[in-house]
Amino acid sequence: MKNSIRSITLPMSKKIAAGIRVGEEILLSGTMLVGRDQVHEQFQLLLNSGKELPVSLKDETIFYMGPAPAPNGAVIGSCGPTTSSRMDLFTPELLDAGLIGMIGKGSRSQTVQEAVRRNGAVYFYAFGGCGALYAQKVHSIECIAFQEFGPEALFRIGIKDFPVIAAMDSTGASIL
Amino acid sequence: MKKTISFEGIEQSVYEAVKNAGVVLSSDVREALQEAAVKEEKAGSRGAVVIRKILENLDTAEKMHIPMCQDTGMVLVFVDIGADAPIILSDIDKAVNTGIETAYPDGFFRNSVVKDPVFQRENTGNNLPAVIYHKIVPGNQLTLQIMLKGFGSENCSGLVMLNPTAGTKGIIDAVTMIISAAGGKPCPPIIVGVGIGGTADRAMLLSKRALFRDVLDKHPKSSYAELEKKILLKINNLNIGPGGLGGVTTAMAVKIEVESTHIAGMPVGVSISCWADRKQKIVLGEF
């Protein structure tokens with residue numbers, strides 16, 4: 001009874017994002033940004049003062065996550081999603097700045113849902129609490145900025161077959 | 001001659017308990033998850049895949065010896081001190097803290113505690129301080145109940161000061177409203193701790209104590225066992241389901257703890273544990 005699961009490579013184009021529908025199970029590969037509360041606050045401070053972000057958000061997907069330390073010989077430690085709603089306040093501005101995908105757990109605000117539709121973006125649900133499983137899907141990690149925030153820094157990670165479910169799509173639909 | 005409960009004894013057992021709790025789920029919770037898996041598959045729910053991934057994740061964590069969830073929490077410790085326990089009281093917190101401090105880096109756990117909640121949100125770097133509660137109980141043993149409390153679920157806690165006449169309907173509605181507002185945020189299927197009575201703060205504390213009960217047990221008083229069942233049924237009719245994707249298992253269990261209260265009120269505190277219900281119990285001393 002298993003349906004075939006679609007694979008998508010990140011960063012993805014607006015065209016690819018437009019074809020994603022809520023409820024779809026998807027395996028993500030490629031690279032994406034990682035950031036949570038602190039990164040969002042810093043991004044907003046920079047945008048509000050007219051400064052450049054440390055990374056271009058165009059076509060990027062961001063994973064709301066702060067990793068556990070990597071065991072010896074491993075790329076990353078336990079690394080599952082954190083609660084997305086804490087990022088809601090900052091999200092519309094980032095979507096307007098080019099961000100196309102977000103990965104986290106839990107529902108989002110109406111304002112985010114509208115910004116997702118307006119920008120042709122996607123919000124993916126990642127399996128909450130499944131940090132050990134996700135650690136097996138990450139093959140590289142690089143700190144891009146805000147190193148002082150430790151696990152809350154801005155990272156870029158390389159991923160392969162990273163399982164998610166589309167939870168909010170560009171038509172304005174949501175299953176969370 | 002009495003054998004002393006030593007500093008090293010406490011430290012070592014806390015170290016083992018914490019390190020194990022982050023990686024291996026206790027058997028009662030795993031069994032409840034397996035039951036949930038069967039129910040969700042049968043219902044053909046969207047949340048069925050979530051339980052499948054959770055079970056896969058538990059196997060991976062054990063195999064790779066890494067924490068099941070990156071939020072290895074703030075450590076919550078209930079210390080029950082036997083009035084006749086052969087112990088140096090000032091050792092207890094120090095030994096508990098040392099055990100935690102050593103377990104976190106050794107287990108590749110994330111340090112998730114900041115020094116000041118408002119002005120200096122700097123990581124303390126050792127996941128301390130823990131949240132510790134002490135209680136003097138009869139006997140000569142020292143009991144430590146430890147929980148790695150994640151904050152996705154903690155942020156969904158709630159307190160309602162009900163009227164004394166609100167009755168079970170008032171309680172059921174209040175708890176259901178808190179869980180409904182939480183939706184998928186606390187990583188369902190959750191365990192719901194409900195503290196009723198005392199003062200506002202005591203009701204919250206009782207709700208945390210309730211989370212330490214065995215997920216598969218039943219309240220010893222039939223009236224409360226019945227109330228636990230009614231609340232659970234109501235919650236599971238919300239169709240929040242695993243991960244919030246929809247399904248029949250929003251909660252695996254509801255646990256109630258009660259105490260006497262004032263004639264003018266009925267405090268109801270609600271604490272939530274995510275499915276990664278990481279708890280351990282240590283008993284030291286003579287049996």
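**A colleague's note on the two-chain model**

1. The largest cavity is lined by M147(B), L148(B), K149(B), G150(B), S153(B), S273(B), A276(B), D277(B) and R278(B). On a 1 Å grid over the protein atoms alone, a cavity is a set of points where a 1.4 Å probe fits but cannot get out, and lining residues have an atom within 4 Å of a point. The largest cavity holds about 30 Å³ of space, and the structure has one cavity of 30 Å³ or more. For such volumes, grid points are joined across faces, edges and corners, and the space filled by probe spheres set on the points is taken.

2. A word on the model before going on. This is a predicted model, in which local features need pLDDT of at least 70 and side-chain atom pairs count only at pLDDT 80 or more, while totals for chains, interfaces and linings use all residues. Residues are numbered from 1 along each chain as its sequence is written, chains are lettered from A and ligands numbered from 1 in the order in which they are written, and side-chain values use heavy atoms, with hydrogens and water left out.

3. Helices (H or I, at least four residues) and strands (E, at least two) are DSSP runs, numbered from the N terminus. By class, the lining has three nonpolar, three polar and three charged residues. Here Ala, Val, Leu, Ile, Met, Phe, Trp, Tyr, Cys and Pro count as nonpolar, Asp, Glu, Lys and Arg as charged, and the others, Gly among them, as polar.

4. Next, the largest pocket. A pocket is an open set of grid points with protein on both sides within 12 Å along at least five of seven lines. The largest pocket has about 1100 Å³ of space. Its lining has 43 residues, and R36(A), E152(A), S112(B), V114(B) and R121(B) lie nearest its centre. The elements giving two or more residues to this lining are α2 (37-48) of chain A and α5 (151-154) of chain B. By class, the pocket lining has 13 nonpolar, 15 polar and 15 charged residues.

5. Now to where the chains meet. In all, 36 residues of chain A are in contact (heavy atoms within 4.5 Å) with 29 residues of chain B. The buried area, meaning the accessible area (1.4 Å probe) that two parts lose on being put together, summed over both, is about 2600 Å² between chain A and chain B, with 63% given by carbon and sulfur atoms. On the side of chain A that touches chain B, α5 (131-135) and β7 (154-168) of chain A are the elements that give two or more residues. The largest share, four residues, comes from α5(A). By class, that side has 19 nonpolar, 13 polar and four charged residues.

6. Finally, some backbone details. The peptide bond from L10(A) to P11(A) is cis, with omega near -10°, and P11(A) sits in the loop between β1 (6-10) and α1 (14-18) of chain A. The bond from P188(B) to P189(B) is cis, with omega near 10°.
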